[in-house]
Amino acid sequence: MQLQIISIKGRKLAEKAQTKDSKINIEEILEDYRLLVRSRQASLIGRREVLSGNGKFGIFGDGKELAQIAMAKVFMKGDFRSGYYRDQTFMMAIGEHTLSQFFAQLYSNTDVEKEPATAGRAMNAHFATRSLNSDGSWKDLTKIGNSASDISPTAAQMPRLVGLTYASRLYRELDDLAKFSKFSKNGNEVAFGTIGNASCAEGIFWESINAIGVLQGPLVLSIWDDEYGISVPNEFQLTKDLSQLLSGFQRDKGKNNGFDIYSVKGWDYLSLLAAYKKAASNARQSHIPAIIHVTELTQPQGHSTSGSHERYKPAERLDWEEEYDCQIKFRDWIISQKIAKGSELDAIENEEKISVEAIRASSWEEFQEPIRAEAREFMDIIEEIAMGANGAENFSSIKDQLLSKKILHRQDIMQAYRRAILALRYSQVPAKENLLAWKRSQDEINLDRFSSHLIGGKEITAVLPEFDDDSPLINGFEILFRGFDLILARDNRVVAFGEDLGYLGDVNQGFAGLQDKYGDFRVSDTGIREATIIGQAIGLALRGLRPIAEIQYLDYLLYAIQTLSDDLATLSWRTKGGQKAPVIVRTRGHRLEGIWHSGSPMGAVIHLLRGMHILVPRNMVQAIGFYNSLLDLDEPGLIVEVLSGYRLKEQLPKNLAEIRVPLGVPEILRSGSDVTLVTYGALVKIALEAADTLSELDIEVEVIDVQTLLPFDTHAIIKDSIQNTNRVLFLDEDVPGGATAYMLQEVIEKQEAFRWLDAVPQTLSAKAHRPAYGSDGNYWSKPNLEDIMYKIYEMMHEAKPDAYPQIF
Ligand SMILES: Cc1ncc(C[n+]2csc(CCOP(=O)(O)OP(=O)(O)O)c2C)c(N)n1
Ligand SMILES: [Mg+2]
């Protein structure tokens, strides 16, 4: 044993000192036991609450308490956790998850004061601290124990650990960052990760470990190994024992090329304390990452409230779990070391049983009472109506039904309202207006409860590019590196990284020369690891930096789409504005060559990434305008540069640093009175050429570049155009029914442009398959100039067959 237990209050020394610098007193040991018991009690009561119907689902940290108590001892203010649903004891130990909050989340209390992690939006055991004040400004993260917001997909907490860890390195290495003192004190912060054994079978686990091994930084990753992933044991999850598998990542002596790896039993208190102490201190001081494989853990109540582990664990395993339960083991150890008597521990257990139950009861009351108050308000209104309306008898049954509910949900009240308002459909009683007003205010409140904070609505004021006679025509990529140079110069927090982005300056030279100028911490190469490029960006952004993360081609965004969709895009919404990660994802796409360098799966992207801005600039000047806008907005966004645009000539604006392209504002690039043609990205250029050709045939096309798919035309500019042309064609390179169908719905349904249409609204997209190779493959896969021309001509033929006779 590494630690010295010192006696207090005249108790006898239980264990002799072995080292001088590590001390733990008996009081602290008993406090640890108390916390373990408290957390266990919460798990037991939590499960009961779900089974009795007070909560919908429950997943708990029983069996994993002791290791988390050890981990919490080395966690300091300013540190970050990125973990999963087993970590309640840790969160309680660092003081960031009270029992009231535990129950509030179990009940889905939507009051952010009571349930600060997700305001009732996520199921229980999804932990998060609030990094932002209610006005959206950053708190001083060095003064709180931070937890990134948990998500359910297994191992999905890993990619962001790359950034959470690497941020400490950047804060230590880059002197210019010292002034951002709310985020770091010289990079001393450790990122603590947790993951279950079975989740280590996920690809992103290994990708993340490899990335952190390469980057090096203060990570302490705990693997809670209970030998199962729901019903499936380790032998079906992993080739060998995890410690054996991970041994290849072991750091070579004297080199910075891997991890310190520890293996420790989850019921062995002193060994746990020693392992965490050493790992955290090496991480904090020397930025050496560590993995702590915590073995012999149990699940006293099985995986979750969805089932019971007796169904799939053999009897011997269940017996073993009872014997090796960390509470039992810790208790036995305390008694055997004469730190406390069994009766003293019994007393702790009884006290905690009573106090957890009391907190449960008051949390339930705090959850139910506001809903009951809303029901009373609603019933008062319908009572008033009942006095003067027909169908009053219906109301007493509506009221009785509400009053009979043992557990009241807000949907019960809304359903009652819907029955009442239906019953009142022929009634003109004046008090009906009170009911309608109540409903309007409820709609607003419920919008805030369940749907707020998806993404901010702040507007950017346009700053147009300015040119003069001397403005040179240069390649698109030269516009970019000039723009990025200005961005890197003005904001020390901006770091850019991606495959081939550092030394080479990206495969299209958009960062050419900038690593030389700003150093390899600001402009850096990464491995080929898209999911963790995004994770790196998320982690850095959570810690106050402004990453520009490059995915080399839009087609390869699919590798990262899970992390983008589940983690980044939902972050602000799932924390109700408690956290933000203003990541800028840079990629290039649309037509170039072949199946995997011409993709434009924009429908998939916009549907999976609600919660991000999706921007599709037609050229590189617009692109820099968007980078500038996103940096001002401080919100996450994806910018898809036009692949074919890097070597096209563009005029260099005089005010590249200042230009801003507002989001949600399409640009009318050519006016016309016959057809509105709506498109974006690489097709803008082709659409304009098609419009010129059609003009020769007496067809005037209004070409609109939507510029941003999310948000989409917030001022209904497209509808205004249709008001003049009465015809519309939506054009892109996505599959049929992809982003063209989205644009169609936005304009025809939401903007109500159908009112102005004289003809069926049309779409023209690529084929349903991927783009085939070669010039001909491209011609028959993607909309080309002639396709656009003929499509529009056909629309005009239908309208005016005499003027535009059928061509074929
Ligand atoms: C991507 C994904 N696949 C499946 C699931 C369903 N699921 C939830 S937990 C779990 C088992 C995880 O086991 P392990 O990592 O060992 O953690 P433990 O629950 O044992 O602590 C599974 C399969 C999920 N949440 N995410
Ligand atoms: Mg497990």
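A few questions and answers about the ligands follow.

Guide: This is a predicted model, where local features need pLDDT of at least 70, side-chain atom pairs count only at pLDDT 80 or more, and totals for chains, interfaces and linings use all residues. Residues are numbered from 1 along each chain as its sequence is written, chains are lettered from A and ligands numbered from 1 in the order in which they are written, and side-chain values use heavy atoms, leaving out hydrogens and water.

Visitor: How many residues surround ligand 1?
Guide: A residue goes on the list if one of its heavy atoms lies within 4 Å of the ligand. Y84, Y85, R86, N197 and S199 are the closest. The count is 17 residues.

Visitor: Which side chain has an N or O atom 2.7 Å from an oxygen atom of ligand 1?
Guide: Polar contacts here are pairs of N or O atoms within 3.5 Å. For the side chain of N197, the distance to a ligand 1 oxygen is 2.8 Å. The 2.7 Å distance belongs to Y84.

Visitor: Which residues coordinate the magnesium ion (ligand 2)?
Guide: Donors are N, O and S atoms within 2.8 Å of the metal (3.2 Å for Na, K and Ca), and water is not among the atoms, so the site may look incomplete. Here the distances run from 2.0 to 2.1 Å. The donors are N197 (OD1), D226 (OD) and Y228 (O).

Visitor: Is D226 buried or exposed?
Guide: Buried means under 20% relative accessible area, exposed over 50%, and partly exposed in between (1.4 Å probe, protein chains only). D226 has 3% relative accessibility, so the label is buried.

Terms used: Polar contact = N/O pair within 3.5 Å; in protein donor to acceptor, adjacent residues only side chain to side chain.
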